[in-house]
Amino acid sequence: YKLRSLTELEQYIKLNNHLPEMPTTAEVNKEGLDLATTQALLLQKIEELTLYAIQQNKKIEKLEHKIKDLNYRTRKIK
């Protein structure tokens, strides 16, 4: 998937009040809900969430490494 940045995703949700590619409440009320399509969309969203979680974990690991490095450097200076 080509993921939007979390900032872009947040802006989309604030503007549209729903996740991208997901039908709006009004659309569901008017047209009904196709269970197979909805299941496929939900699976896509789960996969996207997994990719976001992986991205966030990588950022956390980098920050933890930087913190350890800074702590090491600080101890050396003292």
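Predicted model: local features only at pLDDT ≥ 70, side-chain atom pairs only at ≥ 80, totals over all residues.

Mentor: In helix α3, the buried residues are Thr38, Leu41, Gln44, Lys45, Glu48 and Tyr52.

Trainee: What covers the buried residues of α3?

Mentor: The cover includes α1, residues 6–16.

Trainee: And how far apart are the end C-alpha atoms of α3?

Mentor: They are 63 Å apart. That agrees with what we expect, because 43 residues (35–77) at 1.5 Å a residue should span 63 Å.

Trainee: Nice. What happens at the start of α3?

Mentor: Asp34 has a side-chain oxygen there that comes within 3.2 Å of the backbone nitrogen of Ala36.

Trainee: Back to Lys45. Why does it count as buried?

Mentor: Its relative accessibility is 9%, and buried means under 20%.

Trainee: Which residues does Lys45 touch?

Mentor: Leaving out residues up to four places away in sequence, Lys45 touches Leu19, Pro20, Glu21 and Met22. The side chain of Lys45 also makes a polar contact of 3.2 Å with the side chain of Glu48.

Trainee: New topic: how much space lies in the largest pocket?

Mentor: About 220 Å³. Its lining has 13 residues, and the closest to the centre are Leu9, Glu21, Lys45, Glu48 and Tyr52.

Trainee: Where does the largest share of that lining come from?

Mentor: From α3, which gives five residues.

Trainee: And how many of the lining residues are nonpolar, polar or charged?

Mentor: Seven are nonpolar, one is polar and five are charged.

How values were computed:
Residues numbered from 1 in each chain as written. Heavy atoms only, no water. Helix = DSSP H or I, 4+ residues; strand = E, 2+ residues; numbered from the N terminus. Expected span 1.5 Å × (residues − 1). Buried < 20%, exposed > 50% of the residue type's maximum accessible area, 1.4 Å probe, protein only. Contact = heavy atoms within 4.5 Å. Polar contact = N/O pair within 3.5 Å; in protein donor to acceptor, adjacent residues only side chain to side chain. 1 Å grid on protein atoms, 1.4 Å probe; cavity = no way out; pocket = protein on both sides within 12 Å on 5 of 7 lines; lining within 4 Å. Points joined across faces, edges and corners; volume = space filled by probe spheres on them. Nonpolar A, V, L, I, M, F, W, Y, C, P; charged D, E, K, R; others polar.
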